[in-house]
Amino acid sequence: MRVEVDPAPRPLKVVGAYALFVGLALVALGLLFRAYGVAPLEAYRVFLSVLGDPLGLAEVARRAIPLLLIGSGLALAFRVGFFNIGAEGQLLLGAVGATYAALFLPPGPWTLPLMFLLGGGLGGVWAGLAAWLRARFGASEILVTLMQNYLAYYLVVYLVAGPWKGRTAFGFLYTDPFPEAARLPVLPGTLVHWPTLLLGAVAALVLHVLLFRTPWGFEWRVLGENPLAAWYLGLDAGRLLLRVGLVSGALAGLAGVGEVAGIHHKLLEPAQVSLGYGFTAILVAWLARGGPGYVLLTAPLLGVVLAGGDALKLAFSMPFRVVDVTSGLLLLALIGAEAASRHRLVWRR
């Protein structure tokens, strides 16, 4: 008996795997809620209540925006074989670029375009550096991008605690508020900054078409699926990797612009700018199975998990750790279901 990759899993098998793993996660969560003194069915009702009212749906959309932008770029990168684990750092660099344009350049109608340009550019350069190191020296992009997350984290801490610290921040770590010209419009009564949402949806669709309907996409897919064949075809792997690194990093940077220009209106500590979106988006991209367009489905799904966790926190005054365990178990169930549906048991020798 051995386990091997299932190249074409049947739909019934995929549905069954997801039902099994999500069911196991719900049983485990039921025990957790019971131990905390909350009836499991009531907890499930509150968790899913975000889908039943406009404000809950708005929270799902707000959480899905950065996941959509980052996830579509990562889905492309993973398909090409560039394992970018540094989206969290690229998001933070995007927030830094946007903050510089908002606070240190003359405000005007050009402010928001400049924020997107600088934020996306910084994110792209940050990921492009890892792609260049891999192409030039064979450095592992997994390690490089992972380490870059820490550099970006401490850069933001240094800025908000030092040269960019707000004049009225006192003991807190954040910059001065952005001027009105540097704030993204939101849907009335919500924190959904719709220009970034629209940008994320367009980016996912454009990357999907680019990957599956253009010569560039053909070269990317050949490199990702069979690097040796790419070499025989004479494809420039370094150039292709650099291009995909720039694209995926730029999209993560744009997500950072959306967070500071659409919600916070200032640069804050890293943990407040991003709630781990760069890491959660890895799962968004993985569930999309290498298709950037499918992120339009997987990003809202993870948005429900994150917003549902917030609803539990508010309804039952649950500690952060309990809510984190809830989200973690559900994410683990999705990972397990995806892995099970992609593999099969073979009984013959």
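Two residues are in contact here when they have heavy atoms within 4.5 Å of each other. Keep in mind that this is a predicted model, where local features need pLDDT of at least 70, side-chain atom pairs count only at pLDDT 80 or more, and totals for chains, interfaces and linings use all residues. Residues are numbered from 1 along each chain as its sequence is written, and side-chain values use heavy atoms, with hydrogens and water left out.

Let's start with a pair of helices (DSSP runs of H or I, at least four residues, numbered from the N terminus). On the helix 5 side, Trp126, Leu129, Ala130, Leu133 and Arg134 touch Glu141, Val144, Thr145, Gln148, Leu151 and Ala152 of helix 6. Sort those residues and you get seven nonpolar, two polar and two charged (Ala, Val, Leu, Ile, Met, Phe, Trp, Tyr, Cys and Pro count as nonpolar, Asp, Glu, Lys and Arg as charged, and the others, Gly among them, as polar).

Now for glycine 94, which sits in helix 4 (residues 87-104). Its relative accessible area is 0%, so glycine 94 is buried (under 20% relative accessible area, 1.4 Å probe, protein chains only). Apart from neighbours within four places in sequence, glycine 94 contacts Gly119, Gly253, Gly256 and Val257. Serine 72 is 22 residues away from glycine 94 in sequence and 16 Å away in space, going C-alpha to C-alpha.

Last stop, helix 8 (residues 215-225): its buried residues are Gly217, Glu219, Trp220, Val222 and Leu223. The buried residues of helix 8 pack against helix 3 (54-80), helix 7 (194-213), helix 9 (227-232) and helix 10 (237-264).

Notes. Helix = DSSP H or I, 4+ residues; strand = E, 2+ residues; numbered from the N terminus. Buried < 20%, exposed > 50% of the residue type's maximum accessible area, 1.4 Å probe, protein only.
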